[in-house]
Amino acid sequence: MSQDVQLDSVTMRFGAVTAVRNVSLGIRAGEFFSFLGPSGCGKTTILRMISGFMEPTEGAIRIGGRDMRGIGPNKRPTALIFQNLALFPLMTVAENIGFGLEVRGIPAADRKKRVQQLLDLVALPETADKKVTELSGGQRQRIAIARALAVEPAVLLLDEPLSALDLKLRQHMRAELRDLQKRTGVTFIYITHDQGEALTMSDRIGVMSKGVLEQVGDGRSVYDHPETAFVASFVGESNRFTGTVADADGNRAALDTPHGRLVGRNPRNLRPGDRATLFVRPERVAAGTGAENVLESRVTHRDFEGAFINAFLEGDITVQIPHVGTEPPFTPGQPARVAFRADDAVVLPE
């Protein structure tokens, strides 16, 4: 059965470097939870502390309500899938999956039955006698998951397991992983720097920067309602307009910027005189004047990206337009007037 994971004021230091700083978080049993952030932000360190390969400098980690302090990796109700998968190349698929069961002294007949059940679960029933070197990248991925599930962990920890795959296969494996998690009910804790993976698969996401947990929420709330400038910048693309708050109330703030006065939501209760940045997504900016914020600029160039077209304007302004088969309204070298609603923008401290 799945179990919850609780991090209480967890800090990890390596000498003078603080890799994880005072992280408190509850991950629910049966949840697909992702830690999202750039390289070096501390997300893998958190995974290794949960798995028992590291002990936190401060704070406590509890799995299923039990304090994990002093309990080694082999005694915890967790299984860890490394980025390189760590499959044994000289073993068959069945031997790889059954390895953990053999170590635990499970009889051969029971091992064989369990291995076949797991091969059916990951839709690779015909591969039992193959060497893992004969499998494709996606198949090896699924065998690594089957091997981890063989020991019936309550919590499955995945450290960027899709990073070595090409784009199409990554997209396919996202759906496979999410479906597998739903069918097994195991708590998944997933590490990634890829926002697409996190937004697509996760029940909730924890966004990290420099060892600090910046925000926790579901994909929509993290994308549409970022709480810090880092989250607004890292999760998705944003236009940024920096300036000084000229006017503010409980809901909105007006910012004086080099582009003029712009208005957005004010979730952090900024006050006049505060330095801040207004963020607005490129897909929320459109040609015209029918909104509270209007900008005049000139188109420098356009990029065609298949499903959409990015138009770039002077002043670091980007507009994303769905590709519907007609000529987009922005011509390189020509002036352009664009607008966006105040409710589609957010003003955050620098």
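In the hairpin formed by E1 and E2, two residues lie between the strands, and Gly15 adopts a positive phi near 65 degrees. Strands here are DSSP runs labelled E, of at least two residues, and helices are runs of H or I, of at least four, numbered from the N terminus. The structure is a predicted model, in which local features need pLDDT of at least 70 and side-chain atom pairs count only at pLDDT 80 or more, while totals for chains, interfaces and linings use all residues. Residues are numbered from 1 along each chain as its sequence is written, and side-chain values use heavy atoms, with hydrogens and water left out.

Strands E1 (residues 5-14) and E4 are antiparallel and paired over five bridges; pairing requires at least two DSSP bridges between two strands. In this pair Asp8 stands opposite Ala60 of E4. E1 is also joined to strand E2 (residues 17-27) by seven bridges, again antiparallel, with Arg13 opposite Thr18.

Ala60 is also one of the residues that line the largest cavity, among them Met49, Asp67 and Arg76. A cavity is a set of points on a 1 Å grid over the protein atoms alone where a 1.4 Å probe fits but cannot get out, and lining residues have an atom within 4 Å of a point. The volume of the largest cavity, about 50 Å³, is the space filled by probe spheres set on the points, which are joined across faces, edges and corners. Strand E4 (residues 58-63) contributes the most to this lining, with three residues.

Technical notes:
1 Å grid on protein atoms, 1.4 Å probe; cavity = no way out; pocket = protein on both sides within 12 Å on 5 of 7 lines; lining within 4 Å.
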